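Trainee: I have a new model open and I'm a bit lost. Could you show me how to read it?

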Amino acid sequence: MAALLLPEFTVHLDAAEDDIKKLFKIVKPEWNEDKIIVKNMSGGFSCLTSRVYLEDTPDDAFTVRVQKLFVALKDNCEDLKLDTKFEVRVVQEISKIGYFPTVHAVFANGFCYKYISGKPLVHFDKKTKTKPEIDRNDIKTMVEKLAEIHMIKLENVDYTKTDFFDNYDTILEKVYPENSVITAKNIIEKEYQEIKSYIKEFNLPIVLCHGDPHAGNVVVDEDKDQLTFVDWELSHIGYQAYDLAYCVRMLHFEGYVMNIQMIPSAAKDQTPEISMGEMLKWYFAKWSKLNMKEFDEEAFEELQRQVKYFELVWCLVFIIMFGNLFANSKAQVLSAEFPVDPTGMVQSVYNFYCRIKEQTLQEFIPDLFVS
């Protein structure tokens, strides 16, 4: 069934519950409006996410996703080239091949899809400071699923080029603030231009990237033995190694989900701890299989080299985008819902970048790096 297209319909953040009920008069006209429940779901940093159902049939639920991050970015810098419809296109296409639930409606600033039962692979509770727990088998499934996503080819898309760096260039040039809240512009700009210049040293596959593939954006349905990536707002055509670096680095970065506790799997000979190298090996084994190739150690070493490089890229683009947003007064609604102290995390990312930069470049680009 094709999704309902409602380009004139907008869900306003200050009247979201009423607007969502109006939306469901169109999406589910047979529903009794007086019995519609709109429940705000946790983790609404980049968007407003609501679960919608009838009070008598809570299992027949839908998710309504309303964009917030793109609105804040555009308010902050009108010169950004943001394709606000790309997320919708991606989820509609991947839903056809089982990688996302059915999309039922698309409206001006969001979309509605069948609710996914389950829980995030990682959820850091800002109020209770609950220690997240992760099963290593779920982590393995997560990186293997990411390999499958990277194999998806959208129709009429050019995979020979990417504009990955363009918006970060624009933010630095136009709006990155000069204040004491985040790392100074001249420092970030110098580091960014240097690291970006090394990209020519790599032959980088260009793929469909999730853009924000951390464990908090993965929903695990244990009853159905199913794992689904959600929150595709930052999806783009870009570098495979960036998406992978983002995925594995965010899981291990202490400023993101502090004190993660690994749960031992059923196999007694497996330790709960998971190294980045192990995650990358799981990913590459799946990637090789999907490409009908044997596991090639030399190719795996090259992927590791690319991922280590993109750890540096990830640090800088994270600081440029989110440091800029959190330092900007228009984005306080985003900061209030971030799972950890936002400016503190941005500074932690910069400190981490400074710790790893020299070693990373000396190890992986020794001919170019001069300390």
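Mentor: Helices (H or I, at least four residues) and strands (E, at least two) are DSSP runs, numbered from the N terminus. This is a predicted model, where local features need pLDDT of at least 70 and side-chain atom pairs count only at pLDDT 80 or more, while totals for chains, interfaces and linings use all residues. Residues are numbered from 1 along each chain as its sequence is written, and side-chain values use heavy atoms, with hydrogens and water left out.

Trainee: What share of the residues is buried?

Mentor: Buried means under 20% relative accessible area, exposed over 50%, and partly exposed in between (1.4 Å probe, protein chains only). Here, 54% of the 371 residues are buried.

Trainee: How many residues of helix H3 are buried?

Mentor: Eight of the ten in H3 (residues 86-95), so that helix is mostly covered by the cut-off of under 20%. Among them are Phe-86, Val-90 and Ile-94. The cover includes strands S4 (57-67), S5 (103-107), S6 (110-114), S9 (206-209) and S12 (236-239). Covering is judged by contact, meaning heavy atoms within 4.5 Å.

Trainee: How do I read the way two helices pack, say H5 and H6?

Mentor: Look at their axes, which are lines fitted to C-alpha atoms, for helices over the stretch in contact; angles run from 0 to 180 degrees between N-to-C directions. The axes of H5 (residues 166-174) and H6 (residues 185-197) come within 11 Å and cross at roughly 155 degrees. That makes H5 roughly antiparallel to H6 (under 35 degrees counts as roughly parallel, over 145 as roughly antiparallel, 65 to 115 as roughly perpendicular and the rest as oblique).

Trainee: Which residues make the contact?

Mentor: From H5, Tyr-168, Asp-169, Leu-172 and Glu-173; from H6, Lys-185, Ile-188, Glu-189, Tyr-192 and Lys-196. They divide into four nonpolar, no polar and five charged. For that count, Ala, Val, Leu, Ile, Met, Phe, Trp, Tyr, Cys and Pro are nonpolar, Asp, Glu, Lys and Arg are charged, and the others, Gly among them, are polar.

Trainee: What about Thr-183, is that residue buried or exposed?

Mentor: Thr-183 sits in the loop between H5 and H6. Thr-183 is buried, because its relative accessible area is 8%. Not counting residues up to four places away in sequence, Thr-183 touches Tyr-176, Ile-188, Gln-347 and Tyr-350.
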